[in-house]
Each structure stands twice: as C-alpha cells, then as structure tokens.
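Please open the two chains in your viewer and keep the selection panel at hand. The tour below goes from one selection to the next and says what is found at each stop.

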Amino acid sequence: MGRPATVIGGAPAGSAAADGPILCDQAIFTSTHSGVGEGYRVVAASPGIRAIEKVEITRRSPSHGSLCGQDGDAVGLEAYTLPTRRRCVAYCCHAGCEQTARGGLRVYTHVAVLDRAAWGRFLANPVAVHAALAQHIRATGPVLRPAGRLEKIALALTPATASPSSTNGPVGGVHWLDCALAVASDLLSRRQVIVLAPATPLRLLEKVLLSLPLEVRENLDVSVGVKFSASRKMRLVVTAEPETELQRRIAGLDVLLRRLDGPAGQPGTAFAAWERLLRRWWREGRSQDVTRLTTELCRGISCDALDRIAAICEDTDAVDGLAPEEIRSLTARYSTVYPPTKAEQTLVQELLQKATDRLADLQPPTDN
Amino acid sequence: MNRPYTTQTQERDDTQCLICGTRNEDAAVQCIECSAPMALVRDGTDPQSRPKVVTILGDSNVGKTVYLGFLLDMLSQHTTDYQAIPIGAYSVNVQQNVISHMACRMFPPKTPMEADQWHWAYYQICKRTSRKEEWLDLVIPDIAGESLTAELANPNTFRVINSLAGKSAGMLLLLDAPQAANGSSQPDFFGVKMLTYLDAVHRADRRSRVQMPTAVVLCKADMCPECFDDPRHFTEVNLSRLWNLCQSRLGNVEFFACSAVGSLAYATSPEEDFVTPIPLHTALRGVLEPFEWVVQQL
C-alpha cells in the first residue's frame, strides 16, 4: 500500500511535487440538516471551488436512491468537466440512513476537483482518482458534519491507485474486454453509450478509458454504479438497472444501450483495426505499450488516424515472424509513403528500424 | 368552460415539451432538455389547448409529496364538488405512493433531485354544480425540495424548475408552520426566496405585481393548531418577511393551514443513531381548500 491520503491545510494550489501526493480542491454533496438548509446539497467545499462549479456538482451528483446498489457498500463513480474546464471525479457511496428517516440510505458524494496538471498526473484515469478518494474515505469516513473549513485534499498516486487493472480474462463467463473495446469504438464514433454491467463496472470503465487516446478520454463525462439520468448528460454510463425500464426511458434519445454479455461491434466498422490491435495487446499483457500509444503517440491526432496507426503497429509486430523477402517488401512499402501525422511518422520510423535490425539478425554469418 | 371528453389529437404538436417547449423525437418518453414526461402532451384531452400547470413548491421535507398524494386521493374519491380523473396510469403513482406508505404508517421516501425520477400527475378536474360541469386539465409535478433550493440559490441549475415557474397558472407555496412557530427563520427565508425568484421569472417590475394565484399553505398545522384559526395572522406574526413581500409583490394571494397527520410517534433503537417519525393515523384537514381556491382563480 502507498502512503495514506491526508488532508493538508493551506497548501498552494496544484503545487504537488512530481512524486508527492496530488493536491486538489474537494467538495461534499450529501443530505444533512443544518441551520441553513436541509436535504441534498453541497454541504462543504474547499475555498478554491467556485460558485459555478458548485452548481455543476449539484446538477450532476446522485441524490436519494440514485446508486445502482441499494446495500450499504454500494459504490459509484462520476467524472465530468466543470465549466471552469477543471475535471471533477466523484466517489459516491451510502452513509447510513437518510437523515429524515423516511426510508432508504443517504447517498454521500465526495468530489475531487483536479486542474489540468493534476488530471494529467493521473493519466486522465478517473478510476485511479476514485481509488485514491476511496483510500481517503476509508481513513476518515464520510464527512457528514465538516468541522470548520474544508481544505484541499491530498490524493495519493500509488501503484495501488494508479496502475491499470491487469486482468483481461472472462469474469462470470463474460469476456468483458470485448465489451470494453466495443464501447471504446462507440465513444470514438461520438456515440452516447449505456452499458448494462451487473459486475466489474470499475474495471470495465478503466479498460474502456485506457483504450482511448488521452485527448478523447480526458474530457469524457462518465458514470459508473449510478442510475442513468438524462439530465446528468454523461457520454458513458455503466449501470445495473432493469433493462426494460431503461429502454423505455431512453426511447427517443440518441443513446446506444449495450449489455456486458451482448454482441461486440460489427466487424469492418470504424475503428475495427484499432479495436483488434488493443484487444491483442491487452491480452498479451502489453499495457505499457497501450499506455504509450494512447497517451504519448496519439496526442493531438484525430480519431480518423487511429486505424492507420493500428495497421502500422500490427505490421511492426509482424516483422518478427516474416521472412527476409517479406521484410524487404514491407520496408519498400513503408519507405515510399509519407505519413500525415507525427505519430504515424514515429511509428513508421520504428517499424523501419525494427525491420533493419531483424534483417541484420537474419543475415547468415560470414566466414571471414 | 364546458367541453366534451375527447381523446383524439390533431392540431397539437406532440413532440414539443409542455414545460420547456423543446422539440423531441417522436418516440421520446421524457423531454431531452427538462425530463418532463412527453405523455403530458400526447395524453392531452383537448386537441386545441394544452393543460394548465399548477406547481406545489416548498422546502425539503415540508410535506409536498404527502400533500399532493392526499389531495389527489381526495379529489379522485369525489369527496367534494370537485372530482378528478387521472389521465395516464403514471398520474396515479404519486397518489398510490403516498397512500400505500401512510397505510403502513410510513412517510413516503424522499423525492430524488433527478427530474426524470419525479412523479407527474395529469388530471382532468371537474367542478360540479347543480347546473353545469366545468372541466379543467391540470398538470401537477411532485418536485424535490432540494432541487428547488438549488435553483433558488443559482437560477438555471435545474432548467425544468425555471420552465415550470414560467408556465405555472397557479402555485401552492408550502411552508413548515411548526418550524416557523418555534422561531426558525428558515421557512420565512425560503418563502421570500421563492417569491423573489417568481418575481424574476415573471419579470415583474415595481409597479406591477405577479398576478398568478398563489396559495400560501401552512403545513403540519396539527403541531401548531393556532394557525388554523387565522392563517393570515399566523403568517404576519411568524413569517413576517414573507408576509410583507406577499403584500407588496403578489396581486392574488391567499393564506391557508393544513395537516395530514393525526398523531405522530417517534421510534428508535439502541443500534440506530436516528429517530424515525411514524404517522400513527391520518387526519386530513385543510387539504382541499387551497387547491380549490387556486382552481377558482384560473
């Protein structure tokens, strides 16, 4: 385990050292009774949270009965962009009975508001921020009656919170990696998607997001474990609700409903090559390669280039199994084209270098 | 207004939301913008006109859901000159929710803030007199108090409330009478904020008052029975800020007291850190009067 998250007072904004905890603003949205109000509202926020950010947090946070699980240990996640362009990641859970005791559990939402630098250090992965928030809430418990001023929160970026899940295999008989990649393709096609996933929703979300180029995922509004509500305006909702009721509610909305065990994307559709490459890389445990591709190489490129990039990566991987003649043919093909994007130029250079190295390896040793 | 019961719609645009006016897809169940049910438009009984909207507003936990549930139940049981016919099964949900919970001696659960989870009641209201029947289509949403509070604090947080306030033909403003009687300023300030908000929505200037019929309803009056004797005086004394604003800004306002619960018990156990209020029996008093007054003004 890494160092526990702690609340630090009076720290300058966004001043975390490269290896230290990440400081960010925080807010708490829940239902309490106080002298100034009753019911669900932002009950506390650190001074850096602006009024328009509180409005957006109020609009998007789940209220009574809005978590998918109705038991005490149900957990939800929300991640969205605030009007100030800062990113908000929310850890939602139940915190005892609803304060009016009219039935049901109180929904508690602890929100971390990250500036661009802090969000970048989490590689735009809300599941990692969520894990850091979970560590903090496990240590302090839900803060229902904040004493005094709420200061910035220090989120620990540890291997436990920051590393993507390495599990890709079937869960409960369902190969959810296929579903994750199909959803990633939907999102690249600018669709709004709901995934019905009774189990492993956080891992599913993480796999979806890490299969997207950084610039796509860093502005993606998502929720997991929170009931679908059109007013929350999320691009991706991973939920567990009765399907027929959900279908009724989304009628007439341009929303794609997928089941975790449903069919994957149609072969030959957009981003099929990208989907195929990432499926293979995830299954081969090449998460470092996926991360490099999505966060470094694909920076600043349009989604149209992803299939071309995937094709280059496939060809690069294939070099190891090709005969010298085939390698020369491949080299000749790539030497005559000028890739339109920097990512493709880099990848083609790497391909050509690998081909050269491979040909040298295959060269029969000379006598002298 | 006399009119026959009709079910066919021809002239009306079934894709335009009744509340916010946004155009939706034909198959949409809820408005994409404000989450109001599209059935409010499609189920309309009069192809020439749209139903009137009456809103019940109040702070969180003041008893809006209980009030609305009992009101609709009384109307549908034809206990007075008024009767109500629900249009669409969804309209019965709030009534059923309240009656079934209260029959089990429980208050209904909190209304979620998400507008797509609200109950909407669409009723044909008929007033029978010896000589004629007057029919009126009414839509009454069960709004979450927290959403109202958030909207009052920052207008346009929930667009549906802004649209409702602008579309409303009448309003019932519910206030917690025992809280006010105990010296809390919370109900008073909530009422003042609500009226100020309405003032802004209706863009009333200093010379013109808001003419929308507004019934100020003092709820939970069983816990301070004196407000039944003279609701006006109770408001003037205990909710003085609201009273003054009503006098200066509202052109059509009346004051009422009501209660739904006859006696209340409180339950807890050593394992629980909260107290559960238990409505032992219902004793409805003053529920219909504010509604009847508003309907008469429409």
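Helices (H or I, at least four residues) and strands (E, at least two) are taken here as DSSP runs, numbered from the N terminus. This is a predicted model, in which local features need pLDDT of at least 70 and side-chain atom pairs count only at pLDDT 80 or more, while totals for chains, interfaces and linings use all residues. Residues are numbered from 1 along each chain as its sequence is written, and chains are lettered from A and ligands numbered from 1 in the order in which they are written.

**First selection: P21 of chain A**

Select P21(A), which sits in the segment before β1 (22-34) of chain A. A residue is called buried if 20 or more other C-beta atoms lie within 10 Å of its own, exposed if 12 or fewer, and partly exposed in between, with C-beta atoms placed from the backbone. P21(A) counts as buried because it has 21 C-beta neighbours inside 10 Å.

**Chain A as a whole**

Now colour chain A by secondary structure, which comes to 13 helices and 10 strands. Of its 368 residues, 45% count as buried. The domain assignment, whose bounds come from an automatic or database source, gives domain 1 (1-163), domain 2 (166-266) and domain 3 (272-362). The C-alpha centres of domain 1 and domain 3 of chain A lie 40 Å apart.

**Where chain A touches chain B**

Two residues are in contact if their C-beta atoms, placed from the backbone, lie within 7 Å, and 28 residues of chain A are in contact with 32 residues of chain B. On the side of chain A that touches chain B, β2 (37-45), α1 (51-60) and α8 (243-249) each supply at least two residues, and β2(A) gives the most, with 5 residues.

**Two helix pairs in chain B**

Select helix α7 (residues 186-201) and helix α10 (residues 240-249) of chain B, which pack at an angle of about 25 degrees with their axes 8 Å apart. Axes are lines fitted to C-alpha atoms, for helices over the stretch in contact, and angles run from 0 to 180 degrees between N-to-C directions. Angles under 35 degrees count as roughly parallel, over 145 as roughly antiparallel, 65 to 115 as roughly perpendicular and the rest as oblique; α7(B) and α10(B) are therefore roughly parallel to each other.

Which arrangement do α2(B) and α3(B) have, roughly parallel or roughly perpendicular? The axes of helix α2 (residues 64-76) and helix α3 (residues 93-103) of chain B come within 8 Å and cross at roughly 105 degrees, and the two helices are therefore roughly perpendicular to each other. Residues of α2(B) including L68(B), F70(B) and L72(B) meet a set in α3(B) that includes V94(B), V98(B) and I99(B).

Finish at M38(B), in the segment before α1 (39-42) of chain B, which counts as buried because it has 23 C-beta neighbours inside 10 Å. Leaving aside neighbours within four places in sequence, M38(B) is in contact with C17(B), N24(B), A28(B), V29(B), Q30(B) and C31(B).
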